[in-house]
Amino acid sequence: MGSVGAKEVPVLLSPEGLRIDGRKLDELRPLSIRAGALHQADGSAAVEWGANKVLAAVYGPREVHPRHLQQNHKAVIQCRYNMAAFSVDERKRPGLDRRSQEISKVIGEAFESVVFVEEYPRTSIDIYIEVLQANAGTRCAGVVAASVALADAGIPMADLLPAVAVGKVGGAIALDLKKEEDNFGEADLPMALVPQSGRLVLLQMEGHLTEPELAQALDLGVKGCREIYEQMKRALRERYAVGPTAGASS
Amino acid sequence: MSEEIDAEIRTTHVLDLAAEGKRLDGRGPDEYRKITIEPGFVTTADGSALVRIGDTAVVAGIKLEPGKPFADTPNAGVLTTNAELIPLSSPTFEPGPPQPGAIEVSRVVDRAIRAAETIDLTRLCVTPGEKSWVCYVDMHVIDHSGNLIDTSLLAALSALTHAIVPAKRFEIADADYPLDIQHYPIECTFVRLGDAIVVDPTFDEERSAQGRLTVATDEAGHVVAMQKGLIGAFSPDDVKDTVRRAFRHGDELRARARGGAP
């Protein structure tokens, strides 16, 4: 990864085992989740995670467009992950490139693994993920946001989907890589967990990991996902809290 | 509609068999279909191979042309990977721009080739910042009977292994020379059928699958790429188990790709 680049590799891990932003190997970046951040969507969420800013909106169940995608026995889930032109250092050409199309596919499949699609035949549940500011881990931030947005839309599903990327930096397995770690790290492994079943519905990997390192990375990712899960539930409780302390959002 | 009913019946049958530890074609859960590799299948390409895994067939062709290096990698050549799922190969493929399925195959194969550092791209640089080779890896799926990812990477790798850089034709050097292969990534794809996780799925098995998992390994004991696809889930223990199995199959398939002979 990035070995072809001529740039000098920064020191990613201090002798004390701390990362470039002072985090420990198993420490997440600061994460804030706001459910119901948008007004027109049936469900929505805004996620700020480290220097990532990601929005998700859910529309549906509603009529399927294009019509031929309609399924008689279940709802179809259509997911669109998109990055804003200004979300990265060098302007990105607007629209879905091949990376975004692949990510849209795997995220859609992850959600179809947990949403009770049989309940809404001949409809579409549309998930829109918009990355406004990117700093590594945007697909995981997108899954977290979309998951909260689905719950906010009242779509029945088996569970929320916390997601996080694990990687290898400075020879060590580390949780939740930020941009510099992703660019110069030795591996990147994003995943999404179904906490109730302990199973993974999204899993990708690129880089170099031995078998024991891979096992360690999976375990660390699952642990990270469980932490994120608690924050997702908290965001939803805040949105729907009643009484004097109820959240004022939207 | 009859197509839907047919698919439903086949799915039920595939899953019933899997529950008894059996498969439609009589294979064991950890057995590949018959693999044949035909290097040099297309003589107009700078490297090529026809690879069959069972009834699935993919032709990969390599073309090398002089071009310009990317601004952020002035000392390296350019590698471009593309998979075409042409309508000739399956009733499920339609003409038009690449669908998400084709993009996924391209990108998952590309990820393995790139992450494994299969070719030393710096050796494809002619003049830093100005001139370098562009290596096109094009994969044509000509018969889709399942497991396009493993078949496509095996075809690409076999084609790369036998590729010749046409340096003389483009007047860059006095003689042509073989492309330098540093590492040999192999992808192994598994699908979940109920509680069973089987390798090298057929078209019917993929359609019945409750999740697909691809693991790419290199010859030095690294996992270099992974991709979970389709609707379904795998536990971390399932993943660790498939990684072990992928290493075992990887060694076998790698020897085939390097040698080319059965």
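Trainee: How many salt bridges count between chain A and chain B?

Mentor: A salt bridge is a side-chain nitrogen of Lys or Arg within 4 Å of a carboxyl oxygen of Asp or Glu. Between chain A and chain B the count is five. This is a predicted model, in which local features need pLDDT of at least 70, side-chain atom pairs count only at pLDDT 80 or more, and totals for chains, interfaces and linings use all residues. Residues are numbered from 1 along each chain as its sequence is written, chains are lettered from A and ligands numbered from 1 in the order in which they are written, and side-chain values use heavy atoms, with hydrogens and water left out.

Trainee: Which side chains meet in a salt bridge?

Mentor: One such pair is B:Glu104 with A:Lys105, at 2.6 Å from N to O. Another is B:Arg107 with A:Glu102, at 2.5 Å from N to O. The latter pair crosses between chains, from helix H2 of chain B to helix H1 of chain A; helices (H or I, at least four residues) and strands (E, at least two) are DSSP runs, numbered from the N terminus.

Trainee: How is the packing of these two helices described?

Mentor: Two packed helices are described by the angle between their axes and the distance between the axes. Axes are lines fitted to C-alpha atoms, for helices over the stretch in contact, and angles run from 0 to 180 degrees between N-to-C directions. Here the axes of H1 (residues 98-112) of chain A and H2 (residues 100-115) of chain B come within 9 Å and cross at roughly 110 degrees. H1(A) and H2(B) are therefore roughly perpendicular to each other, a term for angles of 65 to 115 degrees, whereas under 35 counts as roughly parallel, over 145 as roughly antiparallel and the rest as oblique.

Trainee: What area do chain A and chain B bury between them?

Mentor: Buried area is the accessible area (1.4 Å probe) that two parts lose on being put together, summed over both. For chain A and chain B it is about 3400 Å², with 58% on carbon and sulfur atoms. The contact (heavy atoms within 4.5 Å) takes 36 residues from chain A and 45 residues from chain B.

Trainee: Where in chain A is there a cis peptide bond?

Mentor: The bond from A:Gly60 to A:Pro61 is cis, with omega near 5 degrees, and A:Pro61 lies in strand E3 (residues 52-62) of chain A.
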